Amino acid sequence: MRKKIKTEIKSRLQDRPELFGVFGFGSFFRSKIFNDVDLLVVVNDTCEFPLKEFYEVKEILDEIGLKFDLPIDITYLSYTEYARKPLRESDCLVPIVKNKT
């Protein structure tokens, strides 16, 4: 199931030019027991409408969550915010989608 979810996320989000990347963290990516999928979605600093991008990505991830009956929690940062490594798990992020800045 994990591989199918990661593949679905990648296939649905990899061609979005406004995204720098999508990274996984939390129990879904590091242990056998999990209740949800924690994702860090990073938008490029050049994105003209970051809030619009957030809602479009959220809609896609909500659809994936419903398909697999698993909540997907989103942390959404700009590239500048992401570069500061604000998350406790910043050094352990699992790349799912990685685009150029």
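Reader: On the other side of H1, which residues are exposed?
Author: Exposed means over 50% relative accessible area, buried under 20% and partly exposed in between, with a 1.4 Å probe and protein chains only. This is a predicted model, in which local features need pLDDT of at least 70, side-chain atom pairs count only at pLDDT 80 or more, and totals for chains, interfaces and linings use all residues. Residues are numbered from 1 along each chain as its sequence is written, and side-chain values use heavy atoms, with hydrogens and water left out. On that side of H1, the exposed residues are Lys3 and Lys4.

Reader: Within what arc do the buried residues of H1 fall?
Author: The buried residues in H1 are Ile5, Glu8, Ile9 and Leu13. They line one face of the helix, because seen down the axis of H1 they fall within an arc (of the directions from the helix axis to the C-beta atoms) of 105°.

Reader: How far from aspartate 36 is the nearest side chain of opposite charge?
Author: Aspartate 36 lies in the loop between H2 and E2. This residue is buried and has no salt bridge (a side-chain nitrogen of Lys or Arg within 4 Å of a carboxyl oxygen of Asp or Glu).

Reader: What kind of pair do the rings of phenylalanine 20 and tyrosine 79 form?
Author: Rings of Phe, Tyr and Trp (its six-membered ring) pair if their centres lie within 6.5 Å; planes under 30 degrees apart are stacked, over 60 edge-to-face and the rest tilted. Here the centres are 4.7 Å apart and the planes at 65°, so the pair is edge-to-face.

Note on methods:
Helix = DSSP H or I, 4+ residues; strand = E, 2+ residues; numbered from the N terminus. Lys, Arg positive; Asp, Glu negative; His and termini not counted.
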